[in-house]
Amino acid sequence: MKSGIVFALLAGAIWGGVILSPSLLPEFNAVLISSIRFAMYGLISLAVALPMASRLFSQLNRTDVWMLLRLSLTGNVLNYALLGASVQLSGVTAASLINGIMPVAITFLGRGDVGSLAIGKLKLPLLMVFLGIVSISLEHTGVHSSNVALSSQLLGLACGFCGVASWSWYATHNARYLKQSRFNSSEWSTLLGIATGTVAVAFGLGAWLLFPNLVPANIENGRWVDFLWICLFLALFGSWVANGLWNACSRRMAASLSGQMIVFETLFACVYGFLYAQRLPSVLELASISLLVGGVVWAARRHRVPNVKLERPAC
C-alpha cells in the first residue's frame, strides 16, 4: 500500500500542474488543447510500444479494445476538454476545488469492489476532505467573478462537475479492469495512450467539422509555438508518465482508498498557485489543506487490514 501512495503522490504532483495549463492558453479552445495533447500522447505511446508491438497487440481481444476506447474518451479526451473549459470560464481555483470532489465520487462508485471499505466506515475521513474543499472555496469566493460574466462562470462550473463525473467513472472502471487484466501497469498505460491518440484525432476532427472556428485565426506564431510546447508537456508528463503512475497506484489499492489519493492533485494545484502568485497560504487555506491531508491519512489508516494481492511484481 505504501508504494501505491508514493505513485499517487507523484501523479498528483504532475496533475496539479496540468490543471493550470489551460489558463496559460486563453486564446485556444479547450477542445483543441485536449485533442492536440492526446494526439501527441498517442504518438509517444506508439513509439514506446514499437519494440514490443507484436507481442502486445497479439494479446488484445475485443473486450480490451472496447474498454480502452471508453477509458480513452471518458478519462482523457472528454475529461480534459471539460476541465480546460472549466478553468477558462470559471478560473483555476474553482476548477481545482470541483476536482477535489473526486475522492468522494470515486469512493462511492468503488464501494462494492474487493478490498474496499463500506462508505459508513469512511464517512468521517470523507467529511474531513469535504470540509477542506468547502473551507478553501470560501476563501476564494468571488475572486474570478469580477472579470467573467455569471453565465460563463455557471457554464464553467457545469463543465467542471461533468469532468468530475467523467474521470470518476474512468478511475473506477480502469482500476477494476487492471486488477483482472493480463497486462501490467506499464503495458496498459501504453495501450491506453495509443487508444487515446486515436480517439483524440477522431474527436478533434469531428469537433472541427461541427465548429469550424475551433482553430483560432490571427494568432501570432510565437503563441502557436507556446501552444505546441505546452501540449507536448501535457502529453509526455501529464499523460504518459502520470497515467503510468496512477495505474501502478490503482493496482495496489482498493478503490475506496485510491479514490482518496486523487486529492493530491488538488493540493499540488493549490501549492503551485501559491508559488505562481508568490505568496504564502492564509490561515484558512492552511486549515483547508490540513483537513484534506488529514482525511486522506485517516482513510489510509482504516485500510490497514489484510487484503488480497492486487499487483504482480512488474509495473
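**Close-up 1. Asp226 and Arg223 pair up within helix H10.** In this predicted model, a salt bridge joins the side chains of Asp226 and Arg223, with N and O 3.2 Å apart. The two residues sit 3 apart in helix H10, so about one helical turn separates them. Asp226 is partly exposed, at 33% relative accessible area.

**Close-up 2. Arg223 also meets Glu27.** Here the side chains of Glu27 and Arg223 form a salt bridge, 2.6 Å from N to O. This pair ties together distant parts of the chain: Glu27 lies in the loop between H1 and helix H2 (30-49), while Arg223 belongs to helix H10, 196 residues apart. Glu27 is partly exposed, at 30% relative accessible area, and Arg223 is partly exposed too, at 22%.

**Close-up 3. Glu187 reaches Arg55.** The closest N and O atoms of this salt bridge are 3.1 Å apart. Glu187 comes from helix H9 (residues 185-210) and Arg55 from helix H3 (residues 53-58), 132 residues apart in the chain. Glu187 is buried, with 10% relative accessibility, whereas Arg55 is partly exposed at 40%.

**Close-up 4. Helices H1 and H10 cross.** The axes of H1 (residues 2-20) and H10 (residues 221-252) come within 8 Å and cross at roughly 155°, which means that H1 runs roughly antiparallel to H10. Their crossing is left-handed. Among the residues in contact, look for Phe7, Ile14 and Trp15 on H1 and Phe237, Trp246 and Arg252 on H10. By class, this contact has 15 nonpolar, 4 polar and 1 charged residues.

Definitions and conventions: Residues numbered from 1 in each chain as written. Predicted model: local features only at pLDDT ≥ 70, side-chain atom pairs only at ≥ 80, totals over all residues. Heavy atoms only, no water. Axes fitted to C-alpha atoms, helices over the stretch in contact; angles between N-to-C directions. Helix = DSSP H or I, 4+ residues; strand = E, 2+ residues; numbered from the N terminus. Parallel < 35°, antiparallel > 145°, perpendicular 65-115°, else oblique. Left-handed = near helix turned anticlockwise from the far one by under 90°. Contact = heavy atoms within 4.5 Å. Nonpolar A, V, L, I, M, F, W, Y, C, P; charged D, E, K, R; others polar. Salt bridge = Lys/Arg side-chain N within 4 Å of Asp/Glu carboxyl O. Buried < 20%, exposed > 50% of the residue type's maximum accessible area, 1.4 Å probe, protein only.
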